[in-house]
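Here is a short report for a reader who is new to this structure.

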Amino acid sequence: MEYARRLLDKNKRNSKAWGAIFYQISHLAEIIFSLNQLRFRVRDYAIFEICNTEMQSIEKTSTVALRKLGKFILWNASPIASINFLEAIHAFELLSHRTLQVASPEPIIFSFFIQDLYALHDEINKISGENEKINCGEYS
Amino acid sequence: MLFAVSIALLLNYYVVESMQGWLPFSTMMVMLTSTGSALYQGLQRFFIISGVVIVGSLIFPPFHLLYTRMYYVAIGAVVGILANIIILPDRVDYECRNAFVPILKSYAYYFPAIVDLLLKSNLIDAEREKIHTEKNLRKLPQWVYEVGFDSTLQMGYRYFFMKVGQMGEILFAMHHLARHSFSDQLLNVIREPLLQCIPRLEQFIFSLITVLELKKLREGIVDFEAELATMEEKFRVMGSPLWEGLEGEKDAVYLAEFIYDLRDLRSAMLRLTEALR
């Protein structure tokens, strides 16, 4: 992040456009740190056996969405479609309501996790939108 | 390192009377180790150089030079490793302290900025403190995870490293939550106890720093458990079904998560205190 900040300072000409994207990417990192808290909060790891499939689906779809976002920003590849990621979140949310809220001793932590997943999804879409503005020349 | 290489050059010139650079080269290479791993990594590098010398001598004859070269490499390695261990020993505790203290200080300033962002939407201060914290976090002593780091120290230092890193992650997570704009009604529920938490958390962190700096604590560590409990209680009284694990509004979920993060932060700090005993 610090390196990116220095790059932005050097290239002041483009920094307004990229500053907006950078700000959102740093927000993305914060959300990922927030998601990571689940690791410390769940004390009984057996609970992950219940949601193994859904978790793996989230992992795959979020990785694809983030990679596509990277390609979109760097090489103007096709705009990202994070619909699969959203579906994976919905599946996890459904499971959470049906099972995890009953099976987990602290069901609230899964509510936090789901909310952070939605925030991650929204942030990916925001960055994508911001990048489209740059491509359309809105900042020039 | 300059000192040891100078010794190696003098040895090379006056004692072994060699015009080749194997001795100083070997000294220099075995001295390039990370903090706390001088012996292990020095020996590892010595074996790698020995391997290269053996293979090189097999490929490029004459083979009888192998013994001379190995002799120089071995002397160079001994000089380098001894210099690292005896003349310039690693001060692991000092290095760690120097790395951890600024990080903990930046946490102490980052937390009030996050609370300010949450209660007054003061984004600039929070961003500035975040940048400052990120800069300090880059100085985390990652060498405690190096293979060969002193086995008697590694468990404690790695635990401390992990907990300090976790505190940073929690603060970044809180920053994400504080960006959200909450209704005044919701914020008023936790405003007072949260503001009371700020000086207590700062005091807690500065007490940790005092102990880390090997100074005597003038007073006991002030905890913010009571303020945290008040915050949770007020949130419960408000009738939020969240704590029972039911569906809640986004605002309420975020604020509950913020309180939960604060509890996690306290827990990480308590673990640090225990580790320092």
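## Two loop residues with positive phi

Leu214(B) sits in the loop between helix H8 (184-212) and helix H9 (225-237) of chain B. Helices here are DSSP runs of H or I with at least four residues, strands are runs of E with at least two, and both are numbered from the N terminus. Leu214(B) is not a glycine, yet its phi is positive, at about 60°. Leu214(B) is exposed because 8 other C-beta atoms lie within 10 Å. The cut-offs are these: 20 or more other C-beta atoms within 10 Å of a residue's own make it buried, 12 or fewer make it exposed, and counts in between make it partly exposed, with C-beta atoms placed from the backbone.

This is a predicted model, in which local features need pLDDT of at least 70 and side-chain atom pairs count only at pLDDT 80 or more, while totals for chains, interfaces and linings use all residues. Residues are numbered from 1 along each chain as its sequence is written, and chains are lettered from A and ligands numbered from 1 in the order in which they are written.

Ser121(B) is found in the loop between H5 and H6 of chain B. Its phi is near 55°, a positive value in a residue other than glycine. Ser121(B) has 12 other C-beta atoms within 10 Å, so Ser121(B) counts as exposed.

## H5 and its partners in chain B

H5(B) and helix H6 (residues 123-137) of chain B have axes 8 Å apart, at an angle of about 160°. Axes are lines fitted to C-alpha atoms, for helices over the stretch in contact, and angles run from 0 to 180 degrees between N-to-C directions. H5(B) is therefore roughly antiparallel to H6(B). Angles under 35 degrees count as roughly parallel, over 145 as roughly antiparallel, 65 to 115 as roughly perpendicular, and the rest as oblique. The crossing of H5(B) and H6(B) is left-handed, meaning that the near helix is turned anticlockwise from the far one by less than a right angle; clockwise would be right-handed. Residues in contact here include Tyr107(B) and Asp116(B) of H5(B), and Glu129(B) and Lys130(B) of H6(B). Contact means C-beta atoms, placed from the backbone, within 7 Å. By class, the contact of H5(B) with H6(B) has 11 nonpolar, four polar and four charged residues. Nonpolar covers Ala, Val, Leu, Ile, Met, Phe, Trp, Tyr, Cys and Pro; charged covers Asp, Glu, Lys and Arg; the others, Gly among them, are polar.

H5 (residues 92-120) of chain B also meets helix H7 (residues 151-179) of chain B: their axes come within 10 Å and cross at roughly 15°. H5(B) and H7(B) are therefore roughly parallel. This crossing is left-handed. Among the residues that meet are Phe111(B) and Ile114(B) of H5(B), with Leu171(B) and Met174(B) of H7(B). The contact of H5(B) with H7(B) holds 17 nonpolar residues, one polar and one charged.

## An oblique pair

Helix H2 (residues 22-31) and helix H3 (residues 38-59) of chain B have axes that come within 8 Å and cross at roughly 140°. H2(B) and H3(B) are therefore oblique to each other. H2(B) passes H3(B) in a right-handed crossing. Ser26(B), Met29(B) and Val30(B) of H2(B) touch Gly42(B), Arg45(B), Phe46(B) and Ile49(B) of H3(B).

## Nonpolar cores

The largest nonpolar core has 71 residues, and those with the most contacts inside it include Ile114(B), Leu171(B) and Leu255(B). Such a core is a set of buried Ala, Val, Leu, Ile, Met, Phe, Trp, Tyr and Cys residues joined through C-beta atoms within 7 Å. Leu255(B) touches Phe182(B), Leu186(B) and Ile190(B), not counting residues up to four places away in sequence. Another core lies apart, with 16 residues, among them Val30(B) and Tyr72(B).

## Chain A and its side facing chain B

Chain A has six helices and zero strands. Of its 140 residues, 28% count as buried.

16 residues of chain A are in contact with 22 residues of chain B. Helix H2 (12-41) and helix H6 (108-135) of chain A each give two or more residues to this side. H2(A) gives the largest share, eight residues. By class, this side of chain A has seven nonpolar, seven polar and two charged residues.

Terms used
Contact = placed C-beta atoms within 7 Å.
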